[in-house]
Amino acid sequence: VAQAAASLYISCIMNGEKISQKKFSVESGVSDVTIRNRAVLIKKTLKLIEWNIPKKSYKLIVGEIIFS
């Protein structure tokens, strides 16, 4: 459940949605600290790099593949 909540949290952030870790925590029953720690682990594992190109617009690099 923690992994799923962290994945959804990252997805929301990358798509410009302003949903807090606390909101995911309450809805999933997982602490916000756990969600934060899992989010960091997911970003490191997938080698996600985020840039704020114009505001609320992100470019992702996963390995060598670029997604816009």
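Contact here means that heavy atoms lie within 4.5 Å of each other. Helices (H or I, at least four residues) and strands (E, at least two) are DSSP runs numbered from the N terminus. The structure is a predicted model, in which local features need pLDDT of at least 70 and side-chain atom pairs count only at pLDDT 80 or more, while totals for chains, interfaces and linings use all residues. Residues are numbered from 1 along each chain as its sequence is written, and side-chain values use heavy atoms, with hydrogens and water left out.

**Overall layout**

- The protein has three helices and three strands, and from the N terminus on its elements run α-α-α-β-β-β.
- Of the 68 residues of the protein, 25% count as buried; buried means under 20% relative accessible area, exposed over 50%, and partly exposed in between (1.4 Å probe, protein chains only).
- The accessible surface of the protein comes to about 4900 Å², and 58% of this belongs to carbon and sulfur atoms; such areas come from the Shrake-Rupley method with a 1.4 Å probe, and for residues only the protein chains shown count as cover.
- Among the contacts in the protein with a separation of 6 or more, 35% are between residues 24 or more positions apart.

**Confidence of the model**

- The mean pLDDT of the protein is 78, and 71% of its residues reach 70 or more; pLDDT is the predictor's confidence in each residue, from 0 to 100.
- Confidence is highest in helix 2, at 92, and lowest in strand 3 (residues 65-67), at a mean of 49.
- Over residues 51-58 pLDDT stays under 50, and for these residues the model has eleven contacts beyond four places in sequence.

**The nonpolar core**

- In soluble globular proteins, nonpolar side chains tend to be buried together.
- A nonpolar core is a set of buried Ala, Val, Leu, Ile, Met, Phe, Trp, Tyr and Cys residues joined through side-chain atoms within 4.5 Å.
- The largest such core has 13 residues, and those with the most contacts inside it are Ala 6, Tyr 9, Ile 10, Phe 24, Ile 35 and Ala 39.
- Helix 1 and helix 3 are the elements that give two or more residues to this core, and helix 1 gives the most, with seven residues.

**The aromatic pair**

- Rings of Phe, Tyr and Trp (its six-membered ring) pair if their centres lie within 6.5 Å; planes under 30 degrees apart count as stacked, over 60 as edge-to-face and the rest as tilted.
- By this rule there is one aromatic pair.
- The ring centres of Tyr 9 and Phe 24 are 5.9 Å apart and the ring planes stand at 85 degrees, so the pair is edge-to-face.
- Tyr 9 belongs to helix 1 (residues 2-14) and Phe 24 to helix 2 (residues 21-28), so the pair ties together parts that are 15 residues apart in sequence.
- Both Tyr 9 and Phe 24 are buried.
- Not counting residues up to four places away in sequence, Tyr 9 touches Ile 19, Ser 20, Gln 21, Phe 24, Ile 35 and Ala 39.

- The buried residues in helix 2 include Gln 21, Phe 24 and Ser 25.
- Seen down the axis of helix 2, its buried residues fall within an arc of 105 degrees, so they line one face of the helix; the arc is that of the directions from the helix axis to the C-beta atoms.
- The cover over the buried residues of helix 2 includes helix 1 and helix 3 (32-46).
- On the face turned away from the buried side, helix 2 carries the exposed residues Val 26 and Glu 27.
- Gly 29, which follows helix 2, has a positive phi near 80 degrees.

**Individual residues**

- Val 30 is found in the loop between helix 2 and helix 3 and counts as buried at 13% relative accessibility.
- Leaving out residues up to four places away in sequence, Val 30 touches Val 1, Ala 2, Ser 25 and Ile 35.
- Cys 12 is found in helix 1 and, at 15% relative accessibility, counts as buried.
- Apart from neighbours within four places in sequence, Cys 12 is in contact with Glu 17, Ile 19 and Phe 24.
- Asn 37 has its place in helix 3 and is partly exposed, with a relative accessible area of 48%.
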